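Here is a friendly walk through a model, one topic at a time. Please keep the viewer open as you read.

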Amino acid sequence: MYKLRQQFLAGPYLIWIVGFILLPLLMIVYYAFTGSDGSFTLEYIAAAFTSETNRRSIALSLELGLICTLICLVLAYPVAMILNGMHLKNQGFVVFLFMLPMWMNFMLRILAWKLLLSKNGVINSVLASLGLGRVSIINTPAAVVLGMVYDFLPFMLLPIYNAMTRIRTDWIEAAKDLGAGSVTIFFRIIVPLTASGIISGIVMVFVPSLTSFAISQVLGGGHVLLIGNVIEQNFMQGAQWNAGSGLSFVLMIFVIASMAVFGMIDRDGEGTAIW
Amino acid sequence: MIKKSFKCIAATAFVLVSAAGCGSAPDSGKNPENTITVLNYGKYFDEEALEQFEEETGITVRYEEYESPEEMYTKYKAGSIDYDVICSSEYMVQKLIEEGEVLESDFVHMENYKNLDESILNLCASYDSDHVYSLPYFYGTLGLLYNTEEVDAATVSSWDCLWNLPVKNEIIMENSVRDTFTPALVSLGYSINETDEERLKEAVEILTQQKKDDLVYAYYVDETSDAMIGEEAVIALCYSGEAALAMEENGKLAYAIPDEGSNLWIDSWFVPKTCQNREAAMEFLNFTCRNDIAEKNFEYVLYSSPVRSVSENMPEEYRNNPAINPGSEVVKNCEIYTALSDEVTAVYSRLWQELLSY
């Protein structure tokens, strides 16, 4: 009886999943494998690799996604170490500080970057008044990477920081007692123990940057066409639902594959526990 | 296992049933005798003029607004409200005419029909040859907004300035397929409704070269006027309405329609199949064509009006502003977008993505 009632409570969520996740996914798969006349075709799946536009966009998305992930990792790892080394009493406050920017809508923050970076924007005005040269990175891939790093950095920082707080200081002390130098401690103890955090950080940065389209739209000014933008164009401008679904399907496979690869490395599965 | 899948099916069925329940809600859109429901773009009709109409005729107007033609289409197709009169862009009106959603009306014999400009009516004929489906309300052009301190009027008198401007990174193009194809097609001497793939490829080559030469600062839509006000670029491809707004904010900006011609858009009224009160609907449309009302609406919206007295009576500064009053010579040179077939649309969007991916 109790069990039945418990299952009943899951009902609304089940309806939600079926109606807004499962059905749309099935529709994408349906459109991906059919032509505009409704007959079965692999044309739109193949188009992801045969069309030069799509190949170039996928390559650019992978490239920018990797660069963004790498920069996030390089920025976040030392910060996490420093924060952990500060031995703050209220660790929740630190997490709060890093969550704070995420309380504001990410599109608004990207629009703010656009104003900062634009040709006659805030940064260039300040530089000009100091007699320095201008930066003209708006509407280039560099601006898009900057926006992605800015948006996704907390997703890298938090899992790494979480993993680090789990390293007990006596382990480090024991290593020191046994004669390990700080380099050895870093590579033999800290890095392996934070591996799960690094991996979940990489997944949580790489996947959204691979699929992002809004950031490249705003900061790329039409010069940076990521695979997400091609899909958006297919649906919103060209009414090419089948082509858009075909690309979405291929992109989903990319995402699942990358998560599977990282999941295999991160066998203990601790890393994703940041929420 | 069987139990589990049964639960899934039950849940799905529940969703479907509740969705169907929404669809068959009691019909609340029925109009009483002397009411009409009007659907129009946001901020596109002077409220005072609406009140005047209600006072003069005793007809109550239920006025609804929308943002984009696609939104209007969804609202109309949802069918929960029976609209009597709708105003929208010409390509959407064409689409609805082709779908058989528009009723034939006797606009030509309306009292105030004679107030309308012949040249605009002739352009409407490209999609409504007998003038029985649509009645023009406002129109405008696609042209060049430019900074008069950096570029002179002679430069922007031809679309060629977009392909050979001496300074780099100073042009803003439209981030929409057809509007960016238009200058290239016109430059080549083709129609803006070109359907031949080889010719479209030629147009894309011009646009790709423009991008390779680093002439394009960005492809924008809504951001264009802000960027031009902020002087981020010296020339922008944009619509006259947007240009007029930008020119009010920054005195250095001016608008020009190149001599080769351009696209002209027309927002028109039409009476959809859902109309419940045709007599009042016609009375409303006749009212919008009245000289004093058209002038009132013009002052509110500041777009070009097909009612002749508007351009005759507007202040000098408006008349000399091509963003507000393109003039009949320019209008003759312009073309209207016609709806493209699905195959041609696919060609356009494929070439467009090729351009963007460079």
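Predicted model: local features only at pLDDT ≥ 70, side-chain atom pairs only at ≥ 80, totals over all residues.

Gly197(A) sits in helix α11 of chain A, which spans residues 195–211; helices here are DSSP runs of H or I with at least four residues, strands are runs of E with at least two, and both are numbered from the N terminus. With a relative accessible area of 1%, Gly197(A) is buried. Buried stands for under 20% relative accessible area, exposed for over 50%, and partly exposed for what lies in between, using a 1.4 Å probe and protein chains only.

Residues are numbered from 1 along each chain as its sequence is written, chains are lettered from A and ligands numbered from 1 in the order in which they are written, and side-chain values use heavy atoms, leaving out hydrogens and water.

Now zoom out to the whole of chain A. It has 14 helices and 0 strands. Its C-alpha atoms fill a box of roughly 75 × 75 × 35 Å along the principal axes. Of its 275 residues, 41% count as buried.

A salt bridge here is a side-chain nitrogen of Lys or Arg within 4 Å of a carboxyl oxygen of Asp or Glu, and the structure holds 16 of them over all chains. In helix α7 (residues 197–212) of chain B, Glu197(B) and Lys201(B) lie 4 residues apart, about one turn of the helix, and their side chains meet in a salt bridge at 3.9 Å, N to O. Glu197(B) is partly exposed at 29% relative accessible area, and Lys201(B) is partly exposed at 33%. Lys201(B) also forms a salt bridge with Glu198(B), where the closest N and O atoms are 4.0 Å apart; these two residues of helix α7 are 3 residues apart.

Another pair is Lys332(B) and Glu329(B), bridged with closest N and O atoms 3.5 Å apart. Both are exposed, and about one helical turn separates them because they are 3 residues apart in helix α14 (residues 328–333) of chain B. As for shared partners, salt bridges join Glu197(B), Glu198(B), Lys201(B) and Arg350(B) into one network.

What about charges without such a partner? A negative surface patch is formed by Glu47(B), Glu48(B), Glu51(B), Glu55(B), Glu65(B), Glu67(B) and Glu71(B). Patch residues have over 30% relative accessible area and no salt bridge, with like charges joined within 9 Å and nonpolar side chains (Val, Leu, Ile, Met, Phe, Trp, Tyr) within 5 Å. Helix α2 (residues 47–57) of chain B gives the largest share, 4 residues. Glu65(B) lies in strand β2 (residues 60–66) of chain B and is partly exposed at 40%.

Finally, how many disulfides are there over all chains? The count is 0, a disulfide being a pair of cysteine sulfur atoms within 2.5 Å. Cys87(B) is buried at 0% relative accessibility, and its sulfur is too far for a bond because the closest cysteine sulfur, in Cys289(B), is 11 Å away. Cys275(B) is buried at 12%, and its sulfur is 15 Å from the closest cysteine sulfur, in Cys87(B), again too far for a bond.

Key. Areas by Shrake-Rupley, 256 points an atom, 1.4 Å probe, with all protein chains shown as cover. Lys, Arg positive; Asp, Glu negative; His and termini not counted. Charge placed at Lys NZ, Arg CZ, Asp CG, Glu CD.
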